[in-house]
Amino acid sequence: MGSQSFFWSSNLKFLRKRRKLSQDMLADNLGMTRAKLNAHENGHSKSPAIEDLLLCADYFRMSVDTLLRVDLSKLSELKIRDLEAGNDVFLSGSKVRILATTVSSSNEDNIELVPIKAKAGYLGGFGDPEYLSTLPVFNLPNLSKDKKYRMFQTEGDSMLPIADGAYVIGSYLSEWRLAKETPCVVVTASEGISFKMLSFQAEERSFLLRSLNPIYTPYKVPAEEIREIWKFEYYMSDEFPQEPLTLQQVGIGISEINRKLDAMGK
């Protein structure tokens, strides 16, 4: 982190002075010593601890990425206030794009259905109201009026016991800082639509995607590749959930596979 492309030291000093705080006052607010804060501000701490980065990010309500990579002294006062209000592109999806949607004849949001056959087109058309108007739509009673919903058809067995072909209803997330691992439909630039357990990796500016099916390995996706996140709310399926395999059943299955391999080698 000692590279000249990072603005950690200058940003920390800039934000402190902007709030008219002395080093003693800010250090006390952050719960660190004045000596440590002084080292950060003067570039003596070439590799600040993740704990200190997150502490300052929470205090100033900005992402770690912004504190490191953006020269805040070059921004307008309006833009800085916008960042402090929580509208940080690395913390929130609200700055990525304006959500396109469709409405019913009574001017209420529809729930658009994205079936498997429409997944490829959705990646290119999710921001286009004309494209969304070609999707099937419906409404459900007793859903919160404060949320925007969309339904996606799942594909594959990565989220068993939610079966292949099930329909997942998600609510749109504009705030991406997930406090805990959350089931979500994720739309990414590289992979399209995925239904996974999602967790935010603040220090790496990325998301960890994990399948419920343990045969699939978790993987990370950079935040800049994310296009939409829909938090799991409900699902519908015509298949009854499968019972989880016991360790004994798994062992029997492995033994059977080994037996067949041995037979093939003879």
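This is a chat about some local features of a predicted model.

Q: What happens just after α1?
A: K20 comes there, with a positive phi of about 55 degrees. K20 isn't a glycine, and it sits in the loop between α1 (8-18) and α2 (23-30).

Q: Why point that out?
A: Because most residues other than glycine have a negative phi.

Q: Which other non-glycine residue has a positive phi?
A: N142 is one, with phi near 65 degrees. You'll find N142 in the loop between β2 (137-138) and β3.

Q: Buried or exposed, that N142?
A: N142 counts as exposed, at 79% relative accessibility.

Q: While we're on the backbone, where is there a cis peptide bond?
A: The bond from L160 to P161 is cis, with omega near 15 degrees. P161 belongs to the loop between β3 and β4 (167-172).

Q: Back to the helices. How do α2 and α3 cross?
A: Their axes come within 9 Å and cross at roughly 110 degrees. That falls in the 65 to 115 range, so α2 and α3 are roughly perpendicular to each other.

Q: Which residues make that contact?
A: From α2 you have Q23, D24, L26 and A27, and from α3 there are R34, L37, N38 and E41.

Q: Switching to aromatics. How many aromatic pairs are there?
A: The count comes to 9 aromatic pairs. One of them is Y122 with F152, which is edge-to-face: the centres are 5.6 Å apart, with 90 degrees between the planes.

Q: How are the rings of F195 and F232 arranged?
A: Their centres are 6.0 Å apart and the planes are at 25 degrees, so the pair is stacked. This pair also links distant parts of the chain: F195 is in strand β6 (residues 192-201), and F232, 37 residues apart from it, is in strand β9 (residues 226-236).

Q: Buried or partly exposed, for each of F195 and F232?
A: F195 is buried, with a relative accessible area of 9%. F232 counts as partly exposed, at 22% relative accessibility. The cut-off for buried is under 20%.

Q: Which residues form an aromatic cluster?
A: Y122, F126, F152, Y172 and W230 form one.

Q: New topic: T102. Where is it?
A: T102 is in the loop between α6 (77-84) and β1 (111-114). At 11% relative accessibility, T102 counts as buried.

Q: What does the T102 side chain make a polar contact with?
A: The side chain of E112, at 2.7 Å. Setting aside residues up to four places away in sequence, T102 also touches others, including E108, D109, N110, L132, S133, V137 and K148.

Q: Last one, Y219. Which strand is that in?
A: Y219 lies in strand β8 (residues 219-222). It's partly exposed, with a relative accessible area of 24%.

Q: And what is the Y219 side chain's polar contact?
A: The side chain of Y219 makes a polar contact with that of E191, at 2.9 Å.

Q: Which residues is Y219 in contact with, beyond its neighbours within four places in sequence?
A: E191, S194, K196, F207, L208 and L209. As for L209, its C-alpha atom is separated from that of Y219 by 5.4 Å, with the two residues 10 apart along the chain.

Notes:
Residues are numbered from 1 along each chain as its sequence is written. This is a predicted model: local features need pLDDT of at least 70, side-chain atom pairs count only at pLDDT 80 or more; totals for chains, interfaces and linings use all residues. Side-chain values use heavy atoms; hydrogens and water are left out. Helices (H or I, at least four residues) and strands (E, at least two) are DSSP runs, numbered from the N terminus. Buried means under 20% relative accessible area, exposed over 50%, partly exposed in between (1.4 Å probe, protein chains only). Contact means heavy atoms within 4.5 Å. A polar contact is a pair of N or O atoms within 3.5 Å; within protein, one must be able to donate a hydrogen and the other to accept it, and residues adjacent in sequence count only if both atoms are side-chain atoms. Rings of Phe, Tyr and Trp (its six-membered ring) pair if their centres lie within 6.5 Å; planes under 30 degrees apart count as stacked, over 60 as edge-to-face and the rest as tilted. Axes are lines fitted to C-alpha atoms, for helices over the stretch in contact, and angles run from 0 to 180 degrees between N-to-C directions. Angles under 35 degrees count as roughly parallel, over 145 as roughly antiparallel, 65 to 115 as roughly perpendicular and the rest as oblique.
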